[in-house]
Amino acid sequence: MRIATWNVNSLKARLPRVEEWLGYAQPDVMCLQETKLADTAFPSLTFQALGYDAAHHGEGRWNGVAILSRVGLDDVVAGFTDAHEPDTDARLLWATCGGVRVASVYVPNGREVGHDHYRYKLDWLARLRVHLESHCDPARPLAVCGDFNIAPTDDDVWDPAVFAQSTHVTPPEREALAALEDWGLVDAFRRHRPEPHLYTYWDYRAGMFHKHKGMRIDLILATPPVADQVSFALIDRQARKGSQPSDHAPVLVDTRP
DNA sequence: ATGGTCGCGCAGCGA
């Protein structure tokens, strides 16, 4: 099974590129983030015509996550299901696809260290960990895919010195990510591709993509029943090139049957 | 890097 994730930075703006990508990459499950669409504007029929069932959790101008699947799409749940206030943002969607519980996640950016949004980011990640503890089992197939807005290690940024004291690399953020791994998730791409300086995001500004100055912040975190079966892993840099690209590239992993 | 571009939506914010 091929599982992919892509922060598309507006599905309306990116639909032609997404259709093109589905055509040549042929994922079985595709998680999308930053669709920036209301549910009523989500192009379900376009994906249906390409052979994909789809679920979307959106709010309109910002955020928005989706899961496309051609191996079944069941038990769809949007957001957290706990006793706390519902998340103000559309950042989390669950579905079961081909026997794998899948989450499409768009972790808050954090904006600045010390900002209210930075606290929201850390709280959001802690809440995700609690959700895993209460709803999921690390012994069963699970893949949490999306834009985590965290570079797990200094190997995942082009110049750690530039990012010192910045969001995406701070110890509290990395510890929050490590807490997910402590529960039982494995960075499936990294396990298969250990070499440093492989990125999934490059700022549109200043020709950062062409200078190879990026960050690896889009992750596929999977439990061992999935992660142990990965046979291939790729960041598709081609998708970051050409006309009207997202500022993120898709990430995919293949698992053995 | 903190200039430099996008997307949204029509000013300026968020990333």
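Serine 10 has a side-chain N or O atom that lies 2.3 Å from a phosphate oxygen of DNA strand B; a polar contact is a pair of N or O atoms within 3.5 Å, and within protein one must be able to donate a hydrogen and the other to accept it, with residues adjacent in sequence counting only if both atoms are side-chain atoms. The model is predicted, so local features need pLDDT of at least 70 and side-chain atom pairs count only at pLDDT 80 or more, while totals for chains, interfaces and linings use all residues. Residues are numbered from 1 along each chain as its sequence is written, chains are lettered from A and ligands numbered from 1 in the order in which they are written, and side-chain values use heavy atoms, without hydrogens and water.

**DNA strand B**

- DNA strand B is surrounded by 13 residues, and the closest are Ser10, Arg14, Arg61, Arg111 and Ala206 (near means that a heavy atom of the residue lies within 4 Å).
- Of the atoms of DNA strand B that come within 4 Å of the protein, 57% belong to sugar and phosphate.
- In the side chain of arginine 14, an N or O atom is 3.1 Å from a phosphate oxygen of DNA strand B.
- For the side chain of arginine 111, the corresponding distance to a phosphate oxygen of DNA strand B is 2.7 Å.
- The surface near DNA strand B has six charged, four nonpolar and three polar residues (Ala, Val, Leu, Ile, Met, Phe, Trp, Tyr, Cys and Pro count as nonpolar, Asp, Glu, Lys and Arg as charged, and the others, Gly among them, as polar).

**Pockets**

- The largest pocket has a volume of about 430 Å³ (a pocket is an open set of points on a 1 Å grid over the protein atoms alone, where a 1.4 Å probe fits, with protein on both sides within 12 Å along at least five of seven lines; lining residues have an atom within 4 Å of a point).
- Its lining has 21 residues, and Tyr106, Asn109, Arg111, His117 and Asn149 lie nearest the centre.
- By class, the lining of the largest pocket has nine polar, seven charged and five nonpolar residues.
- The second largest pocket has a volume of about 360 Å³, and among its 20 lining residues Phe163, Tyr201, Asp203, Arg205 and Met215 lie nearest its centre.

**Positive phi angles**

- Most residues other than glycine have a negative phi.
- Glutamate 34 has a positive phi, near 55°.
- Histidine 212 also has a positive phi, of about 60°.

Notes:
Grid points are joined across faces, edges and corners, and a volume is the space filled by probe spheres set on the points.
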